[in-house]
Amino acid sequence: MAQILVVDDSSTVRTEVSEFLKGAGLSVTVAVDGKDGLDKLRADSGIKLVVSDVNMPNMDGLTMAEKIRGELRNAAVNIVMLTTENSPAMKERGKAAGIKGWIVKPFNGDAVVATFKKLVN
Amino acid sequence: MTIRQRIILLTLLTFAAIAAIGGYAMLQAHHNAADVKRVTEGVVPSTLASADLVAGLKDVQLATMALVFAPDANTLAQAADKLAQQQNHLRQALTLQLQQASNATQKGLVQQAQQSVASYFGAIDDTVKFKQAGQQDIAEANLFASVAQYQGELEQVIETLRVEKNRSKDDAINALNHSLARTATTLSGVTTVAVLILGAIGVMLYRQIVRPIGQMQSMMSNVAASQDFTQRLPVARQDEIGRSMLAFNTMIEQIQASSSQLKQKTTDIQSMLQNMPQGILTVQAQKVVHPEYSAYLATILETEEIAGRDVMDLLFSNTQLGADTLAQIDAVWGACIDEDAMNFDFNQHLMVGEIEKTMRDGRVKILDLNWSPILDDDGNTCRVMLCVRDVTELRQLAAEASEQRQELEIIGEVLAVSQDKFHDFIIGALRFIEDNQALIRLHPKGDAEAIAQLFRNMHTIKGNARTYGLQHLTHIVHQAEHTYEALRQPRPDVPWDPRMLLDELAQVRAAVERYARINEVSLGRKGPGKGQGEQYLLVDRGQVHDALHRLETVNTNNLIELVAARDAVRKALRLLGTEPLSQTLDSVIESLPRLAAELGKLAPRVVLADHGYVVRHQASGLLKNVFMHLMRNALDHGIEDADTRMGHGKTMAGTLKLHVAAHDAQVYLTLNDDGRGLALHRIRDIARARQLLPADAHPTDEQIARLVFLPGFSTAAVVTEISGRGVGMDAVQEFVRRERGDIAIRFEDQRVGAAFRAFSTVVTLPEALFEHIDTPVIHGVSTSAAATV
């Protein structure tokens, strides 16, 4: 049982983000791409928040978000995207997939931790 | 009366009218029915009955006839019965007629008939008696005579009655018809009146209700359309409409109040946006700048094209920000706008707080940016507000303040070292630097021995600087020493780069020279001490300390505070190494009374007007020399003895005036006296005698005046002990010119060609030798002590 699922194909980002969140007292599990993310989410019903990269091999973050709402019928989990850019088209897809937040990289741990705690409780 | 009451009244009136009309109609119908009944059941049958009387009379006549002519007794008896029966009928019929008589005429006629019947029946009885008595002939005669006579009478009476009855019947029917016609007329009249009255009331109600409501509605529509909330509906009624109008007026009053409040707030905001010396803009979706922004933003960004622009283009183009940072900011807008407020927090660290923006003409402005979200009712960031402040000046002032602070600290450091020691330190340090420079140039590829020497030299400078507590210098020297130390290592991680080393050395030299300059210029301690101890400093150490403290504690974000601190410190710094003119000329002025005594004159008054100019220490000696000569000259050649002066109506003691003014980076020191003036004829004669002027020349007054600056010129008949000794005006001119100044004589009167002319001597010197301070340190009068003797 973990509270937060961190999905990123970069092991550096995965480690850095999850270590920071663990340090802040949150429980974290990781996935390497969208497909892996969906599997992890299926396996663990305790996940309340998904923090995901956008561009990933196999399945990108937005597709994963759409499948979480569609295939998994999981409307409850909060989804926050880590991104480097932000186009109107992306925002539109994100809105449809119920994406709650956009965090432009580089990630600032201190700015997110309080909100993340609120989202998982 | 309220509208409700009016409507109730109208309804009641309608009911009353209908009831009245109905009641009247019923009453009339009742009357008419009675009349009809009387006609049909009374008058008509009675008329018919009157016709029956004729028949009854005939019956009696027939019965009488039958009796009279009865053949036998039996028939006679039957006829007698029949007659009696018929007589009875007739009598009853008359009785009935009497009862039915409708007027006195009829009644009289009936009574007349009854009397006639009585006579008639009497005659019949007589006849019957005769018959019964068997006297047939008498009976018959009686029948034709008296019976027939009475019968004839009776017939006439009955006929009259019948005619009367018929007439009466026709009257009754006519009366009935009249009555019916009248009823119809009255009813239609009443109905018409009722309709008219109700119509009138209806019109009145229409006027009083519908029309005012219509007016109210049109006025309300008018207010709504014009949005002119100063309008009021005229309230002249107490009813529901009046109250509605009152309520409407109250409502628009409130709307007016809140709309004017809104208008006021909008105006306030607009006026703030127009006038605040700060740039404010908001950014909407797609990074577009909202059309409402503060006017000052145009001043800051130096463009009027703001509304609708892409904020990245408007604000962040031509800045020091790298492509990566720009890409991050570019992504931030989309991540925040129209998204949950938390996204603003998530991304706040990417919102840069200060940018350096290059303007079109190449100037760089430092802009302080303050970001804040504008949230909608759903808690989403609908726009991002940016407060833009031009902090270029602020940053410059802060840098200036920091520079001043460093300078004050250096002053403090320098003051702690004696002049001699400091002088030696500077000379030594510059020598070591020269040495290092030569070493670096000598070894383009580096050399261990040279590096060791470089290090030793720099280490010595650092050691001395540290010993004397010259911390700013120590810090810079340490950097250079550190480089040499690195180069000294067996495998140095820095390369031997002569250019870099020379640059570094230049920095050390600049630092040493800065210390030297502060020592010489600010503190006026040029060269080694002259054995007279430390020179007097005008600004005491407490003041330096205060200034330093002020700079250490100043709020670098507050422009006004920074300006005030800078100005205060600038003044303190300016006063360093300066003295008031009165102090510079102190010894000169003090020497005048004794000189005056030697010349047999009274000590002069000396008036100094420095106009806020103080003298830098390096100009002090020059001014002493120059004005020693000029003032003594004035006392010797210009100011007359007391008797001569009194003869010219002057005060016994003369006056020397010196005033200071500045113009075009030059300071003008103008000296004049109230003596006899410049002896132009004597100057010309001497010049001719000394062949400084051709004998046939006709110089102007100005040309003559300039002769006094020629070498070896002296105007005194005898070389006096005073001004003839030492230097002449040529030497004074030489001193002044050496400091890039000049000296000239200017006439103060218009008496061209006169033997003596009033004049001033104007000494011009570069402004750099002076400082101007806000308020004159000295202005006023310095009277020599001997003047009062």
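Reader: Is Lys117(A) buried, exposed or partly exposed?
Author: Lys117(A) is partly exposed in this predicted model, with a relative accessible area of 35%. Buried means under 20% relative accessible area, exposed means over 50%, and partly exposed lies in between (1.4 Å probe, protein chains only).

Reader: Where does Lys117(A) lie, and what does it touch?
Author: Lys117(A) lies in helix α5 of chain A. Leaving aside residues up to four places away in sequence, Lys117(A) touches Ala24(A) and Leu26(A); contact means heavy atoms within 4.5 Å.

Reader: What separates the C-alpha atoms of Lys117(A) and Ala65(A)?
Author: A distance of 21 Å separates these C-alpha atoms, and Lys117(A) and Ala65(A) are 52 residues apart along the chain.

Reader: Before we go on, what conventions apply to the numbering and the model?
Author: Residues are numbered from 1 along each chain as its sequence is written, and chains are lettered from A and ligands numbered from 1 in the order in which they are written. The model is predicted, so local features need pLDDT of at least 70, side-chain atom pairs count only at pLDDT 80 or more, and totals for chains, interfaces and linings use all residues, while side-chain values use heavy atoms, with hydrogens and water left out.

Reader: How many helices and strands are there in chain A, and in what order do they run?
Author: Chain A has five helices and five strands, and from the N terminus on they run β-α-β-α-β-α-β-α-β-α. Helices (H or I, at least four residues) and strands (E, at least two) are DSSP runs, numbered from the N terminus.

Reader: Why does the radius of gyration of chain A agree with a compact globule?
Author: A compact globule of 121 residues would have a radius of gyration near 14 Å, and chain A has 13 Å, which agrees. The radius is taken over C-alpha atoms, and the globule rule is 2.2 Å times the number of residues to the power 0.38. The C-alpha trace of chain A spans about 35 × 30 × 25 Å along its principal axes.

Reader: What percentage of chain A counts as buried, and what of its contacts?
Author: Of the 121 residues of chain A, 50% count as buried. Among contacts in chain A between residues at least 6 apart in sequence, 63% join residues at least 24 apart.

Reader: Which peptide bond is cis, and where does its proline lie?
Author: The cis bond joins Lys105(A) and Pro106(A), with omega about 0 degrees. Pro106(A) lies in the loop between β5 (99-104) and α5 (109-120) of chain A. Most residues other than glycine have a negative phi, and most peptide bonds are trans.

Reader: Which residues other than glycine have a positive phi?
Author: Arg73(A) is one of them, with phi of about 50 degrees, and Ala665(B) has phi near 65 degrees. Arg73(A) lies in the loop between α3 (61-69) and β4 (78-83) of chain A and counts as exposed at 72% relative accessibility. Ala665(B) lies in the loop between β10 (655-663) and β11 (666-673) of chain B and counts as partly exposed at 48%.

Reader: What does UniProt list for residues 207-260 of chain B?
Author: UniProt lists "domain: HAMP" (unreviewed entry) there; its positions are given in the numbering used here, feature names are shortened, and annotations may be inferred rather than shown by experiment. Residues 207-260 of chain B are 76% helix and 0% strand, and the end C-alpha atoms are 37 Å apart.
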